[in-house]
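Here's a quick briefing on strand pairing and domain layout. Have a look at the model first, then read on.

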Amino acid sequence: MRLTQILASIVLTGTLSLAGTVAAHAEPYCPGYQRVYTIAPPPLVGVDVTADQDLTLRPADEQMYPCDTFSVEGSATNAHMTQDAIFTLNLRSHSDNLISQSITGPATTNALTIPAQSTVTFRVPAAGVILGSPYLNIDVVKVIRAQAKLAYAGVSYGLKVTITSRPGYNRGGSTLSAALPISVSPTTVYGTMPAYGRHQWFKVSLQPKGTVSLSGTLTNIHPTTDANYGTVFYNSAGQQLGASSSLWVPENGQASFQNHNYTNNSGQSLDVYIQARNVFWGFIEPFVITIQTTGLPTPILTLYLDADSNFNLSNPQSDHPNYVPGARLSDGVSVNLPQPLQLIAAYVDGAGKIIPAPSGVTSVTFSLNNTSAFTGIAMNSEAGTETDFALLATSVTFGADNTARVGLNCLDYGGFTTATVMDSSTTTPPMRIPKDDDLNQLPDAGWATPAGHVDSAGLAPDADNETDPAGNVHPGDGLVVFEEYRGFFLGGQHFRTDLASKDLFVNSQLAQGIGYTSSLLISVWNIMSTELDAADRRINFNYMNGQNSILGHYDQKGLVIVDALWNELGQFGLTGWQPPIATPSSNVFVQIYTQVIKYYSPDHNEMPPTQQDDPFDLAKIDQTIAHEIGHAVNLPHLDVPDNNIPCPPPSASWTVMLTRYNPLTTDINNCAWNNIPNVYRDAERVEFRLR
Amino acid sequence: MRTTGWIVLTITALLGTLLSALDYSPLVLIVSPAEYFGDMYTAPPQGGATHVFFPGESVKLRIAISNWSSSPQTLLTTPGGPPDNLGFRVSRDGNAVNLGLAVDNMVRQTGPSGNFDVQWDRRMDLGPRDTLTVRADVLDKISTPGLYVIEVVHQMTDAEARLLRPQASRFQLEVRERSAETLCEIARRSALRAFLSGDYQEARNMTDQMLAANPQSFLAHVIRGDIAAAERSLLEADRSYELAIAMLEQGRDTLFLRSAGKFHLDDSLQALRSKRQRLSGR
């Protein structure tokens with residue numbers, strides 16, 4: 001126990017020292033490299049059975065090394081129907097040297113009692129971890145021994161092994177394919193090389209004529225046997241490119257080496273895999289090896305957009321290809337503005353890894369160009385004319401993570417800008433936000449709508465050519481593609497609209513909403529009165545970008561449906577528009593006369609009207625709303641000659657556009673009042689027009 | 001609310017996944033007139049207003065709270081009755097003005113759950129498409145022309161503490177200056193107001209004023225026909241309707257024709273002929 005405490009103290013000191021060293025070499029701090037794996041041995045069956053798991057036979061990466069920590073946990077099940085079994089588990093440096101047998105669970109003297117047909121969990125050591133000594137194999141677990149007594153029907157058990165390296169140590173890969181990339185020169189690595197044990201692999205990318213050079217100090221802690229160190233260079237196919245002379249490290253002694261070199265004479269860039277290895281019985285602990293290179297790719301100043309606050313330093317990616325202004329990156333749903341974003345500048349190596357800024361570079365300067373300044377924040381919201389993206393700072397210093405970051409606010413759902421970052425000599429390529437490689441003013445990522453995703457490829461921003469529903473002869477809905485993308489506030493929420501369906505905007509000021517208009521087979525949005533232009537009911541009144549209009553803009557209006565209550569002509573509704581064509585933009589008013597409807601509907605129609613609520617009032621108001629909206633989009637009456645409408649009407653006449661149909665009556669069983677049409681006919685859907 | 005084809009997508013159904021600015025309740029607030037007669041003899045309202053009034057004309061409002069979702073909703077009110085829960089902000093041409101409004105304590109529920117008077121409460125349940133209606137009358141006669149906005153202010157929410165959706169919480173009216181052109185419309189409204197209240201003599205007097213202002217007013221004869229029909233003088237009613245139809249067919253009522261497009265004219269003629277047919281069928 002005393003020895004373990006002393007060793008822990010030594011390791012802790014080493015860790016602190018190491019952290020400082022790692023930071024100096026700008027190698028990411030390694031917070032304890034952890035390996036976890038499971039073992040499923042065969043059951044123990046018999047009166048007194050023992051089974052060893054020899055870890056030295058496992059892959060190199062699953063073995064414990066000096067100064068690693070080790071623990072194992074698992075569960076054991078006694079299959080016997082009536083009798084208990086006894087289970088023990090202990091850890092050994094080799095078959096005879098016990099390290100730990102303390103075990104959790106229902107145990108006495110480190111043995112678990114497993115009741116019949118029961119499962120118990122366990123852990124060794126019972127608390128904490130085994131800390132491997134740096135001295136040879138003392139306290140380094142090599143064997144896990146399981147024993148069972150009275151296991152007549154068998155004790156089955158599973159093990160989960162957890163090994164954690166010293167922070168920063170043994171980071172080299174255990175195979176060529178797992179080689180640790182080295183992108184900073186010089187870099188110093190640390191670790192252990194047991195006798196004929198785990199090799200350590202590193203990888204550098206060399207430009208033509210580039211050279212990698214290793215030097216280091218090796219300590220052999222074996223008291224009686226030398227170690228033999230060598231550096232071997234391979235290509236990615238595992239073919240040897242070169243090797244250094246081997247180096248003997250005396251027992252209980254040290255040796256240094258330098259100029260273990262390889263030069264890339266291939267004439268092209270080359271990934272070189274470096275194997276550092278001990279091929280004798282000594283025990284190198286620790287090794288301290290410095291890897292220097294020339295001909296590493298030139299660091300490239302790179303700009304990233306982070307739209308979801310999860311920029312990954314180890315795998316840096318820009319969000320701008322998938323970014324849509326004011327939209328949540330994950331699903332495109334609109335978020336509040338201003339939308340906080342971040343521009344991130346970093347130097348990267350040829351592998352795209354972030355590396356420290358070159359010597360002398362401490363800060364960079366961000367800038368925005370060609371930034372839009374649309375009026376408002378969406379087609380029908382707000383009125384500000386400020387630019388649609390704003391940087392929170394321009395000159396930014398690199399932080400400890402080797403990035404320079406600046407806040408970027410998005411202030412418009414259709415805004416765009418071009419961002420760059422520059423150091424004293426170079427400027428990054430312009431980043432168009434959102435990405436628009438095909439220059440159609442629409443995000444290459446498309447946009448999300450309640451009806452699904454819109455793909456922007458090949459779209460013209462000024463097009464307005466929806467053809468729905470099938471057979472309709474008046475394409476377009478009065479909104480160009482860019483306006484549908486920029487979107488609208490509808491019911492207090494921001495939505496973008498799709499291009500597969502015409503969009504009609506209605507502000508119903510009746511409790512019945514839009515009634516049966518839902519059968520028009522287009523997208524009908526029932527919006528709030530404050531979402532239309534207060535003076536002229538335009539839905540896309542924010543169409544200016546500075547001094548320029550949105551290309552192809554057309555003043556489209558919403559319909560406002562109001563209750564006008566009573567008229568002396570007995571009309572249920574009235575719609576007015578500026579000739580010659582009834583469309584939302586030419587519409588002047590849509591009035592519903594609800595008191596007339598209530599007067600006509602059975603069974604109360606006294607004069608003067610009592611305004612009693614009758615059973616058909618709601619259905620008739622629903623039909624009248626759809627009827628008048630129909631007029632506002634160019635639909636005529638279905639007027640049957642001589643007012644000779646059979647009841648119920650045949651399917652050819654079953655339309656909300658039917659007129660002179662519902663009589664003034666007190667007859668609650670009147671056929672017309674019991675059969676109020678609630679749809680438009682196909683022929684009418686062909687004729688309606690929105691522009 | 002958005003509808004696509006036969007599928008009704010309510011914005012409220014999408015709210016669970018949205019982060020946008022305002023998360024409104026599916027309970028909507030709508031202010032509309034409690035008394036109105038269309039705009040037969042005058043131009044449609046201007047400047048974004050939805051209704052036209054004339055100086056001195058009474059303005060009576062209905063405040064409706066309607067459940068536009070497909071599930072029951074609960075209205076949470078503040079202590080007191082409707083007058084304590086409903087306030088108003090009034091402006092004329094963009095400037096705040098003082099205007100007294102009296103809110104009725106009586107509350108009416110209509111809709112699929114039935115039509116009945118209800119007691120105002122701190123929690124009020126509304127089924128799908130059910131509506132609560134409260135009356136509020138402007139106490140002062142509005143004398144100054146202009147564009148008025150009467151906005152309802154309140155702190156009512158649904159059970160999830162979401163504000164009522166202000167679907168039409170601002171009643172926008174144009175108070176139009178009296179002129180020779182508007183006299184007939186003003187008299188017409190007075191006639192209809194009297195007729196609907198059962199004061200047929202006053203209504204008849206007002207039709208006289210309509211004809212004094214516009215001798216070719218076919219609507220004056222329509223109203224006279226309605227009065228006669230209400231008084232069971234069917235022959236007189238038929239004569240009045242016949243005369244009105246002839247005046248309309250001959251295009252004599254130029255005041256009406258000025259404000260009515262061709263469709264409006266045809267529609268009116270058709271409506272009037274139907275009205276006469278119904279009378280003869282009685």
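In chain A, strand β14 (residues 211-220) and strand β20 (residues 284-294) run antiparallel, joined by 9 bridges. Strands here are DSSP runs of E with at least two residues, numbered from the N terminus, and two strands pair if DSSP finds at least two bridges between them. This is a predicted model, where local features need pLDDT of at least 70, side-chain atom pairs count only at pLDDT 80 or more, and totals for chains, interfaces and linings use all residues. Residues are numbered from 1 along each chain as its sequence is written, while chains are lettered from A and ligands numbered from 1 in the order in which they are written.

**The sheet around β14 and β20**
- Leu218(A) sits opposite Phe287(A) in β20(A).
- The open sheet has 4 strands in the order β12-β20-β14-β18 (chain A), with antiparallel pairing.
- β12 (187-193) and β18 (253-263) of chain A are the edge strands, each with a single partner strand, so one side of each has no neighbour in the sheet.

**What β4 pairs with**
- Strand β4 (residues 85-94) of chain A runs antiparallel to strand β10 (residues 143-164) of chain A, with 7 bridges; there, Leu91(A) has Ile144(A) as its bridge partner.
- β4(A) also pairs in the antiparallel sense with strand β5 (residues 97-100) of chain A over 3 bridges, and Arg92(A) stands opposite Leu98(A).
- Strand β7 (residues 111-114) of chain A is joined to β4 by 3 bridges, again antiparallel, with Leu112(A) as the bridge partner of Phe87(A).

**Domains**
- Chain A is assigned domain 1 (1-32), domain 2 (34-164), domain 3 (176-294), domain 4 (300-435) and domain 5 (481-687); the bounds come from an automatic or database domain assignment.
- The centres of domain 3 and domain 5 of chain A, taken over C-alpha atoms, are 81 Å apart.
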